[in-house]
Amino acid sequence: MSKVIVSSLYESDVFRQACRQFDQAADAINLPDAIRDRTKYPRRCLAVALPIKHDNGLVVVYEGYRVQHQLSTGPSKGGIRFHQNVTLGEVAALAMWMSWKCSLVGLPYGGAKGGVIVNPLSLSEAELERLSRRYMQEMIPLLGPRIDIPAPDLGTNDRIMGWMMDTYSNHVGYHEPACVTGKPLSLGGSEGRREATGQGVAYLVKSYLHDLNIPLAGATVAIQGFGNVGAETALALADMGATIIAISDHTAAFHDPAGINIRKALAYVQSNRVLQDFDGATPITNETLLELPCTVLVPAAVERVITEHNAPKLRCRLLAEAANGPTTNEADKILEDRGDIEIIPDVLCNSGGVIVSYFEWLQNLQHFYWSRDEVIAKLHVILDRAKSSVEYQKRKMKFSRRLAALTLGIQRVATAKHQRGLFP
Ligand code: NAD
């Protein structure tokens, strides 16, 4: 028997979405009550105040979080998000998904996530550095190469990971690159990490299109979000021969049925920070982008963009969830009933990032560095294995692909918890 007594700490739409997915998966595999709630709820969280002196002398206090969902299968792992809409509930949901993702692809990690309520584009470089260092300083009691290892996520990048690594190393008194992943190469980052998530998304898209007998050469792709994941996915798919017909960020969206020059768009963002006023295609809205006729739709920005309102209107053949949690439970049900769209669920689709983060951590611990070709080849081996296990589970259990992926991830965590037993 198990009885759960929880507060409203994580209460939010996105946490409810993650819990509902868990409940459906747990029901589908008859997860015993005694292990269910232990597996579901985050183990611990830390909320911190981050006072930062702005360049104009003003001191502003930001709020930051870290949620460690579970540490039963290894140290926890997960990105840090800098975004104005971050909530503790969102961070908890993202930490939960990290647990299932790491478990699904067979990494020796639990799941975690961090966040700061801030629009990073509103800060100067010096302010961003102070905020990043302060976040790491405050989180040190909960972080470390054997406890919890952060990485980049929405609004953070390799430069920020470098500052965090330096802060941690100064605190312990020696160079400790294994405390965060997604660092610059010069600070112990891994070859292939920056592009890993997008490369993984593109590799899986190619593989699923092959299964559907759709040649990549004629495929059209619409991508929402043009940051690390969206832009790298666009580049990789364009290099494989696909036509990228639409891209967007939080400021603008663009469409060209003949194909957008992705390198031109990337150069534009590098000098202007955002896509706004890009002249390489026709402006549309982010909502329209999601409903364009295309072979592949790639949400690569934020959660909950595919809802019960637009799910009936999607016109893609393959939905590749590069973002975490882009599809609400209601939309998921609509897409399942429609049956004409294949979904690569987030926990599989964007797992390339954490897989190469794992490689980076291994290289840091061993002080032995691999070539980009080795990294990408090893990434493909793990993605192929994970995809095969999901497809096998899907066929054997007659599950949707999302349910297949989640049940595999959840079952392995529950088994580990059961075998470890309850610490008295
Ligand atoms: P990023 O900050 O590099 O880029 C995010 C992009 O999304 C930016 O172009 C931004 O303008 C855009 N965006 C933000 N809000 C938007 C909105 N409402 N509508 C349209 N565009 C919007 O972040 P990222 O690292 O590329 O992460 C994107 C997604 O991928 C997130 O869901 C993240 O959790 C997930 N993810 C990232 C990694 C990684 O390695 N970085 C790994 C796995 C999953």
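Predicted model: local features only at pLDDT ≥ 70, side-chain atom pairs only at ≥ 80, totals over all residues.
**Exercise 1.** Which residues in H7 meet which residues in H8?

Residues are numbered from 1 along each chain as its sequence is written, and side-chain values use heavy atoms, with hydrogens and water left out.

*Solution.* 
- Step 1: take contact as heavy atoms within 4.5 Å. From H7 come Ala 231, Ala 234, Leu 235 and Asp 239, and they meet Ile 262, Arg 263 and Leu 266 in H8.
- Step 2: sort these residues by class. The contact of H7 with H8 has five nonpolar, no polar and two charged residues (Ala, Val, Leu, Ile, Met, Phe, Trp, Tyr, Cys and Pro count as nonpolar, Asp, Glu, Lys and Arg as charged, and the others, Gly among them, as polar).
- Step 3: compare directions. The axes of H7 (residues 228-239) and H8 (residues 262-272) come within 10 Å and cross at roughly 155°. That angle makes H7 roughly antiparallel to H8 (over 145 degrees; under 35 is roughly parallel, 65 to 115 roughly perpendicular and the rest oblique).

**Exercise 2.** Work out how H12 and H13 are arranged.

*Solution.* 
- Step 1: start with the axes. Those of helix H12 (residues 352-366) and helix H13 (residues 372-397) come within 10 Å, crossing at roughly 130°.
- Step 2: name the arrangement. This angle makes H12 oblique to H13.
- Step 3: list the partners. H12 brings Gly 352, Ile 355, Val 356, Phe 359 and Gln 363, while H13 brings Val 375, Lys 378, Leu 379, Ile 382 and Leu 383.
- Step 4: classify them. The contact of H12 with H13 divides into seven nonpolar, two polar and one charged.

**Exercise 3.** Find the buried residues of H2 and what covers them.

*Solution.* 
- Step 1: apply the burial cut-off (under 20% relative accessible area, with a 1.4 Å probe and protein chains only). In helix H2 (residues 33-40), Ile 35, Arg 36, Asp 37, Thr 39 and Lys 40 are buried.
- Step 2: look at the cover, which includes helix H1 (13-28), helix H3 (88-105) and helix H14 (401-420).

**Exercise 4.** How many aromatic pairs does a search of the whole structure find?

*Solution.* 
- Step 1: the search gives nine aromatic pairs (ring centres within 6.5 Å, using the six-membered ring of Trp).
- Step 2: inspect one of them. Tyr 10 and Phe 15 form a tilted pair, 5.3 Å centre to centre with 45° between the planes (under 30 degrees is stacked, over 60 edge-to-face and the rest tilted).
- Step 3: check burial. Both Tyr 10 and Phe 15 are buried.
- Step 4: look for a cluster. Tyr 109, Tyr 358, Phe 359, Trp 361 and Trp 370 form one.

Definitions and conventions. Axes fitted to C-alpha atoms, helices over the stretch in contact; angles between N-to-C directions. Helix = DSSP H or I, 4+ residues; strand = E, 2+ residues; numbered from the N terminus. Buried < 20%, exposed > 50% of the residue type's maximum accessible area, 1.4 Å probe, protein only.
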